[in-house]
Amino acid sequence: VGHGGLIAFDEHTTVPELVQHVFAFAAYESWGRCTPCRLGAHHLARMLAPEDREIGWDTAIFEQVVSALHQTSLCGHGTGLGEFAGSILRYYREELLACRA
């Protein structure tokens, strides 16, 4: 899953925790040049953060932002995030949605 990064986690880490960590890190590391990466990574991190209930979970919005990251980002950072999230949706959709319902 992903685009070449390496993340260590144990069997107690849930899929939403993993995805939230990746997007929080990505939002921090974004150089801010393109809108999909600058705003998208931050928005998805907030959607997945258990302590931030201001932005609720919306599967359609998650998929739209992931698609925008993958298709319109100016560098590998954003497109890689889109690949990562696309893989999560492809292989771990049920785990992600079960924890966000």
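Predicted model: local features only at pLDDT ≥ 70, side-chain atom pairs only at ≥ 80, totals over all residues.
Reader: Let's start with helix packing. What are two packed helices described by?

Author: Take helix 1 and helix 2 here: their axes come within 8 Å and cross at roughly 150°. Angles over 145 degrees count as roughly antiparallel, so that is the label for helix 1 and helix 2. Their crossing is left-handed.

Reader: Which residues of helix 1 and helix 2 meet there?

Author: On the helix 1 side you'll find Pro16, Val19, Gln20, Phe23, Ala24, Ala26 and Ala27, and they meet Ala41, His42, Leu44, Ala45 and Leu48 in helix 2. Sorted by class, this contact has ten nonpolar and two polar residues, with no charged ones.

Reader: And helix 2 with helix 3: at what angle do the axes cross?

Author: Again roughly 150°, with the axes of helix 2 (residues 35–48) and helix 3 (residues 59–72) coming within 10 Å. These two helices are therefore roughly antiparallel as well, and helix 2 passes helix 3 in a left-handed crossing. Helix 2 contributes Pro36, Cys37, Gly40, His43, Leu44, Met47 and Leu48 to the contact, while helix 3 brings Ile61, Phe62, Val65, Val66, Ala68, Leu69 and Thr72. The class count is eleven nonpolar, three polar and no charged residues.

Reader: Let's zoom in on one residue. Is valine 19 buried or exposed?

Author: For burial, look at relative accessibility: under 20% means buried. Valine 19 has 0%, so it counts as buried. This residue sits in helix 1 (residues 15–29). Beyond its neighbours within four places in sequence, valine 19 is in contact with Leu48, Phe62, Phe84 and Ile88. The C-alpha atoms of valine 19 and alanine 49 are 9.6 Å apart, though 30 residues separate the two along the chain.

Reader: Now the rings. How many aromatic pairs does the structure hold?

Author: Two. To read a pair, check the distance between ring centres and the angle between planes. For phenylalanine 23 and phenylalanine 84, the centres are 6.3 Å apart and the planes lie at 55°, so the pair is tilted. Phenylalanine 23 belongs to helix 1 and phenylalanine 84 to helix 4 (residues 76–100), so the pair ties together parts 61 residues apart in sequence. Both of these phenylalanines are buried.

Reader: What about tryptophan 57 and phenylalanine 62: what is the angle between the planes?

Author: It's 40°, with 5.0 Å centre to centre, and this pair is tilted too. Phenylalanine 62 counts as buried because its relative accessibility is 0%.

Methods:
Residues numbered from 1 in each chain as written. Heavy atoms only, no water. Helix = DSSP H or I, 4+ residues; strand = E, 2+ residues; numbered from the N terminus. Buried < 20%, exposed > 50% of the residue type's maximum accessible area, 1.4 Å probe, protein only. Contact = heavy atoms within 4.5 Å. Axes fitted to C-alpha atoms, helices over the stretch in contact; angles between N-to-C directions. Parallel < 35°, antiparallel > 145°, perpendicular 65-115°, else oblique. Left-handed = near helix turned anticlockwise from the far one by under 90°. Nonpolar A, V, L, I, M, F, W, Y, C, P; charged D, E, K, R; others polar. Phe/Tyr/Trp six-rings, centres within 6.5 Å; stacked < 30°, edge-to-face > 60°.
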